[in-house]
Amino acid sequence: MISFENVSKRYPGGHEGVSGIDLHVESGEMVFLTGHSGAGKSTMLRLVALLERSTRGQVRVGGRNLSRLSRRLIPYHRREVGMIFQDHRLLHDRTIFDNVAMPLIVAGLSHGEVGRRVRAALDKVGLLQRERDYPVTLSGGEQQRVGIARAVVSRPPVVLADEPTGNLDPELSREIFTLFEQFNQVGVTLLIATHDLDLVKRMNRRTLVLKQGRLVGDNHRDFSPPLARH
Amino acid sequence: MTAGVIGISLALPGGLHLLLNNIQTLSGGWDASATISLYMRQDSTEAQVNAVAGQLSSRRDILNTRVISRDQALDEFRRLSGFAEVLETLDDNPLPMVLVVQPTASASSPEAAQALANELGAFPEVDFSQLDLQWLQRFQAITAIAGRMVWVLAALLCLAVLLIVVNTIRLEIQNRRAEIEITQLVGATDAFIRRPFIYIGFWYGLIGGTIGWLLIAVSLLLLEAPVARLTGLYNSGFQLSGMGLQNTAILLGCGVLLGIGGSWIAVGRHLSSGEPT
């Protein structure tokens, strides 16, 4: 589903985000990406979401070669990739419903379909009662769940999460990770950057370790493709 | 604010253009009233002059003729010149008979009228002929220059309007930066992001154009009474012509086009600066 072939990303000024990454993630895998701050976790996610292009090597997502993807087609690629951020990236002047609806409205879905899918996603993260509220009235954990609902509302085959539990206490973090497991069970491929190592250990999933932009660890264990494909 | 500046920027060339149109309409009226004065020889008799008048009246390029007898000329001169006392001292009427020839509309162009004047001047009974069109030609040359200047001014002000819109939309984009970024993250196409700003540009252009139209309309209202008084003094039927449907459409169309164009440029610049590298 996601593959990196000798991928390097060098920023203007010479700093290397990642270098020489080779990686293959199967469809339906749930992979943790660990490492210190600045080790290149975010860069890898940004390359997959095509927020950045690699300076060398090729990134492929679902068979698409991202380095060859024209600018015009980038939006359609992003619709296939849900993104979750540490700072949630919600719009504070819009209701929770409207925030979650954004990917569907952008994709031009009908009004009824938008309402149905947004409510399903909010129900999934346990915030259906709050759809008319504004993000500021929610706790950090709830805001992150809105962010997650927005990332999965259009049912993308790939979901990326960049430090999704960075600001949450362990209890809330476990809840969030449990949500991710549920998505994974219905066939979503997840790539989650985190430095919550205790939790990662407990989840017992494939875990990659990045150090100074290089892939230095990959336990590649406990992977069996789920039966129910997305 | 932006709409107001757009309004003033559009009203200026629009109003000047209208003013110029009015002046050209006015001088067009003078053009059609071009007449040729034939000053007859002192020794020609009234009968001879009337014969010439009859002969000219039957020509196809002449609308009508009018004979001004020597006495009539003297009367007029006495009345208008203010030299009445001087004229009293003369024994004899020094003024010649004049035959005023009005060419038809088709023969009234400066060249045709001049040719006609030359031809009539060669008649044996005619001392000399005069076509007083030179001042009209000069006047038309001046209005042509003024017209060109209005176009240059209009081009510059349109450019100014475009820059104002670009800048306003740029600020609007800055205000909605977070929103744009997030919609791009969830897969919004350029067209989707551009659309609301195009609408904003459209409304700025339309409202700006309307303000411009109102400014011109109010100026015309203010000018109407003094112009009527002036034309009344000249005994002219001239009437100040308003914006009309076509000019209104052009004004609003320009505003809308510049509004949309400015937004398009501003959004395009923002989008190309946000491409993944």
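Visitor: In which kind of contact do the side chains of A:Arg145 and A:Glu175 meet?

Guide: Side chains of opposite charge can pair when their charged atoms come close. In this predicted model, A:Arg145 and A:Glu175 meet in a salt bridge, with 3.8 Å from N to O. The pair links distant parts of the chain, 30 residues apart: A:Arg145 belongs to helix H5 of chain A and A:Glu175 to helix H6 of chain A.

Visitor: Is A:Arg145 buried or exposed?

Guide: Buried means under 20% relative accessible area. A:Arg145 has 16%, so the residue is buried, while A:Glu175, at 38%, counts as partly exposed.

Visitor: Which helix holds both A:Arg117 and A:Glu113?

Guide: Both lie in helix H4 of chain A, four residues apart, or about one turn of the helix. A:Arg117 counts as buried at 18% relative accessibility, and A:Glu113 as partly exposed at 23%.

Visitor: Where do A:Arg206 and A:Asp218 sit?

Guide: A:Arg206 is in strand E9 of chain A and A:Asp218 in strand E10 of chain A, 12 residues apart. Their side chains form a salt bridge of 2.8 Å, N to O. Here A:Arg206 is buried, at 4% relative accessibility, and A:Asp218 is partly exposed, at 35%.

Visitor: Which residues are linked with A:Arg94 in a network of salt bridges?

Guide: That network links A:Arg94 with B:Glu172, B:Arg176 and B:Glu179.

Visitor: How many salt bridges does the structure hold over all chains?

Guide: Over all chains, there are 23.

Methods
Residues numbered from 1 in each chain as written. Chains lettered and ligands numbered in written order. Predicted model: local features only at pLDDT ≥ 70, side-chain atom pairs only at ≥ 80, totals over all residues. Heavy atoms only, no water. Salt bridge = Lys/Arg side-chain N within 4 Å of Asp/Glu carboxyl O. Helix = DSSP H or I, 4+ residues; strand = E, 2+ residues; numbered from the N terminus. Buried < 20%, exposed > 50% of the residue type's maximum accessible area, 1.4 Å probe, protein only.
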